[in-house]
Amino acid sequence: MQMLIQSCTQKSMLFSKVLLSSAKNSFCNNRLVSAASKLQRASYITSEYRTYRRSSTVSGDASRSFPSGDANLHPDPRSYEVVVAATHDMGIGKDGKLPWRLPSDLNFFKKLTLTTSNPGKKNAVVMGRKTWESIPLRYRPLPGRLNVVLTRSGSSDITAAENVVVCGSIPSALELLAEAPYSFSIERVFIIGGGQILRETINAPGCDAIHITEIETSIKCDTFIPAVDSSLFQLWYSSLPLVENNIRYSFVTYVRVKNSEK
């Protein structure tokens with residue numbers, strides 16, 4: 001009888017452990033679901049987009065920078081992603097400034113462009129000289145990222161800044177980032193402005209994805225960029241609408257259609 005009681009007790013304890021383990025897993029899963037629903041923005045987009053790139057034929061994987069065969073061949077230019085906030089008619093600025101104040105959008109931009117899957121790497125942000133100068137001095141250069149400034153002047157005040165490189169054009173910047181040491185140290189490349197650079201890059205062949213903060217509220221702008229070409233890009237993610245400072249907007253990501261060429 002004592003052995004029977006001991007056996008039953010052991011089984012009861014084992015069953016309790018199973019229940020506790022199950023409850024713990026359920027609790028963790030619920031927390032993960034809750035966290036995922038709260039994080040819709042940069043964290044979700046970054047991790048899911050990384051998975052998308054691994055499982056698709058979207059061009060621009062870092063491996064494009066390492067050609068096989070003849071070691072003397074120049075590596076292909078790096079592909080990139082565009083990050084921009086725009087109105088329905090693709091207005092992005094007025095009088096050289098952003099005509100809105102959206103702290104959540106700035107946080108989204110920061111997290112998206114800072115996040116890497118490899119802690120030993122960082123991302124690059126490519127911008128024109130005017131965009132560089134529009135960044136407040138205390139935030140310039142943007143920390144934790146390689147700042148690539150496009151200018152033909154070779155301004156000494158830019159080149160003297162730490163963690164900054166200067167290039168004369170978009171093609172030269174993408175070629176530079178495809179070469180060592182940047183081919184090894186830079187994980188993702190983001191084009192962030194200004195207007196002329198975005199007009200040249202938003203639907204270009206090297207663009208893998210476009211992250212747009214779509215502003216639904218009518219706001220006057222004097223600087224515009226082309227709309228996303230629906231024959232080249234497909235809607236991949238859209239957050240629920242948000243309202244901040246009386247401005248309604250959403251975070252939206254478009255990815256290049258597989259095997260699309262232009």
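These legends walk through a few close-up views of one predicted model. Residues are numbered from 1 along each chain as its sequence is written, and side-chain values use heavy atoms, with hydrogens and water left out. Because this model is predicted, local features need pLDDT of at least 70 and side-chain atom pairs count only at pLDDT 80 or more, while totals for chains, interfaces and linings use all residues.

**View 1. Strand 6, tucked away.** Strand 6 covers residues 186–193; strands here are DSSP runs of E with at least two residues, helices are runs of H or I with at least four, and both are numbered from the N terminus. Eight of the eight residues in strand 6 are buried, meaning under 20% relative accessible area with a 1.4 Å probe, protein chains only.

**View 2. Who sits beside strand 6?** Strand 3 (residues 122–128) runs parallel to strand 6, joined by five bridges, and Met-127 has Gly-193 as its bridge partner there. Strand 1 (residues 80–87) is also parallel to strand 6, with two bridges; Glu-81 partners Phe-190. Two strands pair if DSSP finds at least two bridges between them.

**View 3. Peeking into the largest pocket.** A pocket is an open set of points on a 1 Å grid over the protein atoms alone, where a 1.4 Å probe fits, with protein on both sides within 12 Å along at least five of seven lines; lining residues have an atom within 4 Å of a point. Of the 49 lining residues, those closest to the centre of the largest pocket are Leu-98, Thr-131, Ser-134, Ile-135 and Ile-192. Helix 3 gives the most to this lining, six residues.

Terms used
Buried means under 20% relative accessible area, exposed over 50%, partly exposed in between (1.4 Å probe, protein chains only).
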